[in-house]
Amino acid sequence: MPSREPMPSHRTETPRAGDGVRPGRSTQPRETMRGLPRAVQPFLTWVTGVPLAGARPRVLWRPTLALIAGAVQTAFGIALGVYALTCPWYVLVPLVLLSWPTTAGGMRRLDVVVVHQTLHKMFTGSTAGNRVVSEIITTLLWRPPYDGNRQEHLTHHAFPCSLKDGDTVYLQSTGARPGMTRREFRRYLLKAVLSPAHHWGFLSSRIRANFLARSPLYRMVMAYTYLAGTAAFLWFTGWWLPWLLFWFLPATFFFQNQTLLYTLSEHRWWLYDNAERLTKAQRDQLTFGRFCGAPVPDTTGAGPLARCGAWTGWWLRMVLLYAPYRTWILVGDTVQHDLHHVRPKVDWANSSWIRNEDLATGNAERYFEAWGGLLTHVYVGNSVRDWVTATPSAPLTTTRTG
């Protein structure tokens, strides 16, 4: 007898009126921004992760630009922290607090964007080139070597959200579980990001992968040479404090927390009870577009002060809430991670435009999305009981914009 298909037993409940829960893409939030000035549209496309329907990119991204962006962001974050040490305390504190997640966000861009695509052999045109890029970055960031990393990631694609998936096992180790309320989930989240056990478990796995596991000889030589070079450099310069503050701390505590927050929303982890055998339609539902923002405020009939307040609040959220989220956690093309699972062999560096093209050409039925910020996305990813789930993406019209 054929096996019964698994049924989702942890779907979210429909929220009550007044809960402050926003609906999904049924109102196409990005399209409500069409009337805003043309000069701000590139920023809105980047921060939301969604171009206007029918728009065309002004600049085509290339994989090398993604690599450069990650390296520049990392270097900028470090430089900002070092500069802060020359400032009075009231300038030093905010600059350091800005430096840490910025540096870690650059590292994350190198890891979850560049290294990720090398694992799919989609960063360069050659197998050797992908390996070289991956091994250099993972050595510098103390991440797993290419072969083991690629094998684990391909297992993730073959059995997403199952107990064969290393990411599922990782989240379970932090205490994530299905069926939590918002209150329970926030308590779990606070405990996880501060947990010494979580951070030591994460860091020790990185140490083992680089220095203790069986790896190709060249990779072991790279890892130990980098370690010795770092120790020698710090011994001769005496720059231990800047290194600890602006490299080691971002590369460990902040990188690992930003990885956790990203991974929590990467999939709808508990939707099908970690089943291994799923239909294509069920697998499509495991991923969703993590879009940042909300429709522009409707100020019809409002007075001048009310209109000003509504628009000011909307812009402050876009600039101070969603833009940092996109810079530090939801970096690069990861906002359209559903496209990567639906069509992994596309022009990933321009994935927002590719996804829009799919929605405009009759392929919308395979896509889901959630609009909001970090909490919205991790709630959806973990089927938090009193929060809305991801919604089907709506087909787009192809109205051209300049």
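User: Which way do the residues of β2 point, and what makes them count as buried?
Analyst: Phe368, Ala370 and Gly372 point one way from β2, and Glu369 and Trp371 point the other way. Buried means a relative accessible area under 20%; over 50% is exposed, and partly exposed lies in between (1.4 Å probe, protein chains only). Five of the five residues of β2 are buried, and the strand is mostly covered. This is a predicted model, where local features need pLDDT of at least 70 and side-chain atom pairs count only at pLDDT 80 or more, while totals for chains, interfaces and linings use all residues. Residues are numbered from 1 along each chain as its sequence is written, and side-chain values use heavy atoms, with hydrogens and water left out.

User: Why is Trp371 called buried?
Analyst: Its relative accessible area is 4%. The limit is under 20%, so Trp371 is buried. Trp371 sits in strand β2.

User: What makes β1 and β2 a pair?
Analyst: Two strands pair if DSSP finds at least two bridges between them. β1 and β2 (residues 368–372) have four, in the parallel sense. The pair therefore meets the rule. Gly289 has Glu369 as its bridge partner in β2. Cys292 has Gly372. Phe291 stands opposite Trp371.

User: How do you know that β2 and β3 pair as well?
Analyst: They share two bridges, in the antiparallel sense. Two is enough for the rule, so they pair. Phe368 is bridged to Pro392 in β3.

User: Why do β1 and β3 count as edge strands?
Analyst: The open sheet runs β1-β2-β3, with mixed pairing. β1 (289–292) and β3 (391–392) each have a single partner strand, so one side of each lacks a neighbour in the sheet. Strands here are DSSP runs of E, at least two residues long, and helices are runs of H or I, at least four long, numbered from the N terminus.

User: Is β1 buried or exposed, and which way do its residues point?
Analyst: Gly289 and Phe291 point one way, Arg290 and Cys292 the other, and all are buried.

User: What covers the buried residues of α1?
Analyst: Helix α1 (residues 41–48) has Gln41, Leu44, Thr45, Val47 and Thr48 buried. Their cover includes β1, α12 (304–328), α14 (351–360) and β2. Just after α1, Gly49 takes a positive phi of about 85 degrees.

User: What makes the phi of Asp273 and Asn274 worth a look?
Analyst: Most residues other than glycine have a negative phi. Asp273 has a positive phi of about 55 degrees and is not a glycine. Asn274 is not a glycine either, and its phi is about 60 degrees, also positive. Asp273 lies in the loop between α10 (240–264) and α11 (280–285). Asn274 lies in that loop too.

User: Why is Thr397 put in its exposure class, and what does it touch?
Analyst: Its relative accessible area is 53%, so Thr397 is exposed. Thr397 lies in the segment after β3. Contact means heavy atoms within 4.5 Å. Not counting residues up to four places away in sequence, Thr397 touches Ala53, Gly54 and Ala360. Thr397 and Leu52 are 345 residues apart in sequence, and 9.9 Å apart from C-alpha to C-alpha.

User: What makes a set of residues a nonpolar core, and which members of the largest one touch the most others?
Analyst: A core is a set of buried Ala, Val, Leu, Ile, Met, Phe, Trp, Tyr and Cys residues, joined through side-chain atoms within 4.5 Å. The largest has 71 residues. Phe185, Tyr188, Leu260 and Leu264 touch the most other members. Leaving aside neighbours within four places in sequence, the contacts of Tyr188 include Leu171, Met180, Leu260 and Leu264.
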